[in-house]
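I am opening a notebook on this structure and will write down what I look up, one entry at a time.

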Amino acid sequence: MDVRVGGILLALLLVLGEYFGAPWGITNQPFFNLFVLWLGAFFSANLFKECGLRIPSNQELIKSFMAGILMGIGAFLATGDNITSFVMPFVNLSAGSLVVLVGLWIGGFIGIKYQLKELEKKQQVRAIQIRFTKLNPLLALLSLGVLVWLCFKSWDLVFWAAIGMVLQKSNWCMVNTLKEPFFSEKNINTQAVVLTLGLAVLGIWGLKFYQVLEPYTYVLPNFGILGLVGGIIFGLGMLLAGSCGASLFAKSGEGDLKSFITLGVLLSCYKALNSTISLSFLQGPLKDLNIYLPDYFGYSGALLISLVVLGFWLTFSWWNSKTKKLLKRYYI
């Protein structure tokens, strides 16, 4: 599946999911929903015989733990992973998402600089691949049976399973978007993310404008220092992991051990911090706010701000793909 088609499908699922009371997220969701998300990716990977055990080198295993810890700390400070603190708040017109986006870009750039130095100094050790193509159809059938049974018990889980399938088949990932200007002459991953955000913000904007949805859904208190710092730390962790919070589910569903470990450490670290430290205690002195853009700019102004941000993002990506400025400076 073309990643841009995946981006369109993902936007549709985000809008429908929120409309039917099943908004997407990761760190703010119960384990059961996350399991269905992973199971959807696992089913898709086995259905297309793309699932197999991938054992990384010791160096990459260490990085998976480091990445998980950084992403867990960043998610705690930013009030969620990149989906929970940026994607969903952005399409819900929350100003804090813009602060987190800046942080993700800064952290991503630091991670890219680290990767470039790593490529210069060390020879990459390939992961061990173990394929079991004869088992894939059986695993696909078993996982489909479990998904159907679970969705009959709670129909809104259909959205979670479908998102997992789209993520796995399309390879939609925010890390690819951050890396693309430095490592690729194309910008299709940026197009995919911008499509997701643009179409979803239009849909959610319409639902909120016509008072179908509660206006302050996903308006998080991350407009401030914690949102920025959390985004930076999470962005750095994403680059070390090679996956964003969403694509960790897709890759671990394909049997990638590094992604599975990173995902487990991320969720464990986030839950541990969230249960021992009061984030509101930190947000108060640092003046982190929950700002709903329509309260300050009206619904038309809020939509315009969101679309202008996406327009600049896409224009910069297109400019770089034509001029290859960042590619030449940092890679060639």
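**Entry 1. The largest cavity**

I looked up which element lines the largest cavity with the largest share, and I found α14, with 4 residues. This is a predicted model, and I read every entry below as such. The search gave 1 cavity of 30 Å³ or more. About 30 Å³ of space lies in this largest cavity. I listed its lining as Phe90, Leu93, Ser94, Ser97, Leu98, Leu293, Ile305, Ser306 and Val309. The elements that give two or more residues to that lining are α5 and α14. Sorted by class, the lining of the largest cavity has 6 nonpolar, 3 polar and no charged residues.

**Entry 2. Tyrosine 299**

I stayed with α14, which runs over residues 293-323 and holds tyrosine 299. Leu93 was already in my notes as one of the residues lining the largest cavity.

**Entry 3. The largest pocket**

I turned to the pockets. The largest pocket has a volume of about 760 Å³. Of the 32 residues in its lining, Arg54, Glu60, Gly242, Lys251 and Lys258 are the closest to the centre. The elements giving two or more residues to this lining are β1 (52-55), α3 (58-77), α5 (96-121), β2 (128-131), α8 (174-183), α10 (225-241) and α12 (257-276). The largest share, 4 residues, comes from α8. I counted classes here too: the lining of the largest pocket has 9 nonpolar, 11 polar and 12 charged residues.

**Entry 4. The second largest pocket**

For the second largest pocket I wrote down a volume of about 180 Å³. Phe31, Leu34, Phe35, Trp38, Phe249, Ser252, Phe260, Leu263, Gly264 and Leu267 line it. At least two residues of the lining come from each of α2 (31-47), α11 (245-253) and α12. By class, the lining of the second largest pocket has 8 nonpolar, 2 polar and no charged residues.

**Entry 5. Lysine 63**

I picked lysine 63, which lies in helix α3. Its relative accessibility is 6%, so lysine 63 counts as buried. Which residues does lysine 63 touch, not counting residues up to four places away in sequence? I found Glu118, Leu240 and Lys258. Lys258 is also among the residues closest to the centre of the largest pocket.

I checked the length of α1 (residues 3-19). At 1.5 Å a residue, its 17 residues should span 24 Å, and the end C-alpha atoms are 24 Å apart, so the two agree. At the start of α1, a side-chain oxygen of aspartate 2 comes to within 2.7 Å of the backbone nitrogen of arginine 4. I noted the buried residues of α1 as Val3, Gly6, Gly7, Leu10, Ala11, Leu13, Leu14, Val15, Gly17 and Glu18. Residues three or four places apart in an α-helix point the same way, because there are 3.6 residues a turn. What covers the buried residues of α1 includes α4 (82-91), α7 (157-170) and α9 (188-209). After α1 comes glycine 21, with a positive phi near 80 degrees.

Most residues other than glycine have a negative phi, so I looked up exceptions. Threonine 79 has a positive phi near 70 degrees. Threonine 79 is in the loop between α3 and α4 and, at 17% relative accessibility, counts as buried. Glutamine 211 has a positive phi of about 60 degrees and is not a glycine. Is glutamine 211 buried or exposed? With a relative accessible area of 70%, glutamine 211 is exposed.

Terms used: Residues numbered from 1 in each chain as written. Heavy atoms only, no water. Expected span 1.5 Å × (residues − 1). Buried < 20%, exposed > 50% of the residue type's maximum accessible area, 1.4 Å probe, protein only. Contact = heavy atoms within 4.5 Å. Polar contact = N/O pair within 3.5 Å; in protein donor to acceptor, adjacent residues only side chain to side chain. 1 Å grid on protein atoms, 1.4 Å probe; cavity = no way out; pocket = protein on both sides within 12 Å on 5 of 7 lines; lining within 4 Å. Points joined across faces, edges and corners; volume = space filled by probe spheres on them. Nonpolar A, V, L, I, M, F, W, Y, C, P; charged D, E, K, R; others polar.
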